[in-house]
Amino acid sequence: MGDTFDPEINGRYHKAVKGFIVARNVRHTWNSGEAVMFISLVEPASRWGRDLRVLLAGREVCFIEELMAVEELDFILPRGLETMDEMIVAQRVQAFFARLAKRSTALPRRKTDDRMARVISYIDQNLSKNIDLAEVANLAHLSSHRFRHLFTEQIGLPFTQYIIWQRLKKSIYAVASGEMTLGEAVENFGFTDQAHFSNTFKKTFGVFPRAFLQSSSIILQVYVKKE
């Protein structure tokens, strides 16, 4: 926050970047040195997730400098943000995404299908159970083939990947909040064992869960209304 860094995105190096939005399954790494990084893993089905997909417009990456002035970004997310009160941090994060939303509203977008809202609600309530694609497709009154295509188009993630994302997210917050131990979260959210959970987490987020919990500051969880 307040500094630049040099990321590698899909094998290409970029110099002195303030920030970027990256599409799913795009390999990216960076070295921030001593700088504090603001990293947001955005809920695909949320309003923010839809705004970011609109801004990406099918591209692999979109740099923050394309979307707002550097001075504005540094004002919203200044150096020292990590030391501020949680409520102030929440307001700053919301202001950042609200600013991006203003850019996205001028671009064409598709309305979310009401059937997908029902499906997302069903998934959220049944993450500890086996979620069968054919059963969920039936809930949406669609064939499995049509449902799979529509879900990816509307949500931005394939059906199976979305469920994995949700289970990982719920697990890590349960552990970070002290609600569950890692072993309890692994069992509760449908992973075979801790090795399965750790490998899936590493594949999805690029770091093992224990390292993430030890080295990252989970300041808050901002819920965005699913529209």
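Biologist: Where in the chain is Leu-41 found?

Modeller: This is a predicted model, in which local features need pLDDT of at least 70 and side-chain atom pairs count only at pLDDT 80 or more, whereas totals for chains, interfaces and linings use all residues. Residues are numbered from 1 along each chain as its sequence is written, and side-chain values use heavy atoms, with hydrogens and water left out. Helices (DSSP runs of H or I, at least four residues) and strands (DSSP runs of E, at least two) are numbered from the N terminus. With that numbering, Leu-41 is found in the loop between β4 (28-29) and α1 (47-56).

Biologist: Is Leu-41 buried, exposed or partly exposed?

Modeller: A residue is buried under 20% relative accessible area, exposed over 50%, and partly exposed in between, with a 1.4 Å probe and protein chains only. The relative accessibility of Leu-41 is 48%, and therefore this residue counts as partly exposed.

Biologist: How much accessible area does the nonpolar patch with Leu-41 have together?

Modeller: Patches are made of residues with over 30% relative accessible area and no salt bridge, joining like charges within 9 Å and nonpolar side chains (Val, Leu, Ile, Met, Phe, Trp, Tyr) within 5 Å. A salt bridge here is a side-chain nitrogen of Lys or Arg within 4 Å of a carboxyl oxygen of Asp or Glu. The areas come from the Shrake-Rupley method with a 1.4 Å probe, and for residues only the protein chains shown count as cover. Leu-41 forms this surface patch with Trp-30 and Ile-39, and their accessible area together is about 290 Å².

Biologist: Within what arc do the buried residues of α4 fall?

Modeller: In α4, the buried residues are Met-116, Val-119, Ile-120 and Ile-123. An α-helix has 3.6 residues a turn, so residues three or four places apart point the same way. On the other side of α4, Asp-114 and Gln-125 are exposed. The buried residues of α4 line one face of the helix, because seen down its axis (taking directions from the axis to the C-beta atoms) they fall within an arc of 100°.

Biologist: Which helices do the buried residues of α4 pack against?

Modeller: The question concerns Met-116, Val-119, Ile-120 and Ile-123, the buried residues of α4. They pack against α5 (133-139), α6 (144-155) and α7 (159-176).

Biologist: How far apart in sequence are the parts that Asp-3 and Arg-79 tie together?

Modeller: The side chains of Asp-3 and Arg-79 meet in a salt bridge, 2.8 Å from N to O. Asp-3 lies in the segment before β1 (8-9) and Arg-79 in the loop between α2 (70-76) and α3 (86-104), so the separation of the parts they tie together is 76 residues.

Conventions:
Contact = heavy atoms within 4.5 Å.
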